[in-house]
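Reader: I have a model open and want to go through a few spots in it. Can you take my questions one at a time?

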Amino acid sequence: MITVVGAGSWGTTFAVRMARRFEAGLTGQPVTLYEFFPRVAQDIQKRRENRLFLPGVRLPRSLVISNDLDACVRSADLVFNAVPTQFIRNVFQSSPLWRGKALVNLSKGIEIKTGQTISGVFFEMFPSLSRSQYAVLSGPSHAEEVILNIPTAAVVAGPAALAARVQKLVSDSRFRLYTNNDVIGVELAAALKNCVAIAAGICVGLGFGDNTLAAMMTRGLAEISRLGVALSARRDTFAGLAGLGDLVVTCGSRHSRNRRFGELLAQGHSPADIARKHRFVAEGVATARAAVGLARKAHVEIPIIREVHNIIYNRKSVRRAVESLLARPFVPERA
Ligand SMILES: NC(=O)c1ccc[n+]([C@@H]2O[C@H](COP(=O)([O-])OP(=O)(O)OC[C@H]3O[C@@H](n4cnc5c(N)ncnc54)[C@H](O)[C@@H]3O)[C@@H](O)[C@H]2O)c1
């Protein structure tokens with residue numbers, strides 16, 4: 001059995017996909033979707049629709065909705081995590097032993113209080129979880145498009161046997177998974193590109209052009225690759241689906257929450273206002289804070305993310321942050 005933990009847009013979309021595959025006889029694995037808030041779980045179960053995060057999509061008949069994490073994890077042999085990063089510890093604190101189970105992370109972020117990637121958080125929380133039981137699935141995969149079966153490609157990184165198992169279970173012609181073994185690289189690429197997307201949104205919000213957006217994405221990729229490599233990721237992972245691929249979609253797409261967050265900042269909304277008025281989690285906000293700490297320790301320069309951090313946490317104005325970036329010294333491209 002499969003359990004998807006976290007009934008936000010991505011967790012619900014992923015669970016719906018897997019339940020449709022089960023009902024079509026393509027997998028032998030029924031699916032349970034866990035939601036943390038009991039009232040929300042009840043509402044989804046009663047209406048057979050996730051009105052908050054995936055309105056208008058009827059849930060497949062076989063999809064079970066639950067608010068009992070212990071039971072969900074106990075009965076599954078494959079658990080997918082789609083809980084926003086900063087809530088993972090809170091949600092998973094009571095889950096049982098992982099013997100005989102595998103955990104596949106679908107979320108993208110770095111924990112602020114520890115600076116750990118999501119695998120670091122899970123390995124610290126669950127000493128019984130080994131590296132052979134852990135994988136991460138990531139890439140340019142907006143829920144809004146995946147739910148419509150729009151062709152999508154992503155990557156699953158982990159030990160070869162588990163990555164191949166997930167690839168076989170999840171992939172079809174509309175959702176193609178490539179395998180990879182650079183878990184830390186995929187996690188860092190997935191998390192850090194969200195900060196660059198906030199910067200891209202700022203450029204869009206300020207009315208800059210395509211040149212600026214391309215510069216932001218390319219120099220953003222350079223700095224997240226630099227930080228990733230310093231933290232033992234492989235450089236080529238950043239040129240793949242979890243890095244460049246996701247960066248392109250997150251910086252360019254109207255579906256991107258991080259880009260939207262940047263646009264709202266540029267329009268003069270404060271970070272607190274945006275958090276209050278809009279219900280979505282923009283993972284790049286917390287990740288920017290964690291990334292600045294990691295970069296400081298690793299002695300790596302991340303100028304774009306640093307300015308995003310200055311705007312969000314040090315009340316620097318958007319215009320001054322942009323001017324600071326444009327006034328940086330002229331250096332070789334591969335410095
Ligand atoms: N939305 C996408 O298209 C997409 C695609 C790929 C990956 N992701 C990643 O997947 C993860 C989840 O994204 P999402 O879009 O589903 O997020 P979301 O904002 O839709 O998630 C909402 C979920 O978070 C839970 N939650 C909210 N506050 C909580 C709290 N205080 N304690 C515990 N749980 C709480 C809610 O119960 C709900 O299940 C993120 O890391 C995101 O980057 C999202």
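Author: Start with Asn105, which touches Asn81, Ile118, Tyr134, Ala135, Val136, Leu137 and Glu187, leaving out residues up to four places away in sequence. Contact here means heavy atoms within 4.5 Å.
This is a predicted model, where local features need pLDDT of at least 70 and side-chain atom pairs count only at pLDDT 80 or more, while totals for chains, interfaces and linings use all residues. Residues are numbered from 1 along each chain as its sequence is written, and side-chain values use heavy atoms, with hydrogens and water left out.

Reader: Where is Asn105 placed?

Author: Asn105 is in strand S5, residues 102-105. Helices (H or I, at least four residues) and strands (E, at least two) are DSSP runs, numbered from the N terminus.

Reader: Does Asn105 count as buried or exposed?

Author: Asn105 counts as buried because its relative accessibility is 0%. Buried means under 20% relative accessible area, exposed over 50%, and partly exposed in between, with a 1.4 Å probe and protein chains only.

Reader: What does the side chain of Asn105 make a polar contact with?

Author: The side chain of Asn81, at 2.9 Å. The Asn105 side chain also reaches the backbone nitrogen of Ser107 at 2.9 Å. A polar contact is a pair of N or O atoms within 3.5 Å; within protein, one must be able to donate a hydrogen and the other to accept it, and residues adjacent in sequence count only if both atoms are side-chain atoms.

Reader: Switching to H15. Why is it largely enclosed by the rest of the structure?

Author: Because 9 of the 11 residues of helix H15 (303-313) are buried. Among them are Pro303, Ile304, Glu307 and His309.

Reader: What covers the buried residues of H15?

Author: The cover includes helices H8 (183-205), H9 (210-230), H12 (257-266), H13 (271-277), H14 (283-298) and H16 (318-326). After H15 comes Arg315, with a positive phi near 55°.

Reader: And Gly28, where is that found?

Author: In the loop between helix H1 (9-23) and strand S2 (31-34). Gly28 counts as exposed because its relative accessibility is 66%.

Reader: How far apart are Gly28 and Ile2?

Author: They are 26 residues apart in sequence and 9.8 Å apart in space, C-alpha to C-alpha.
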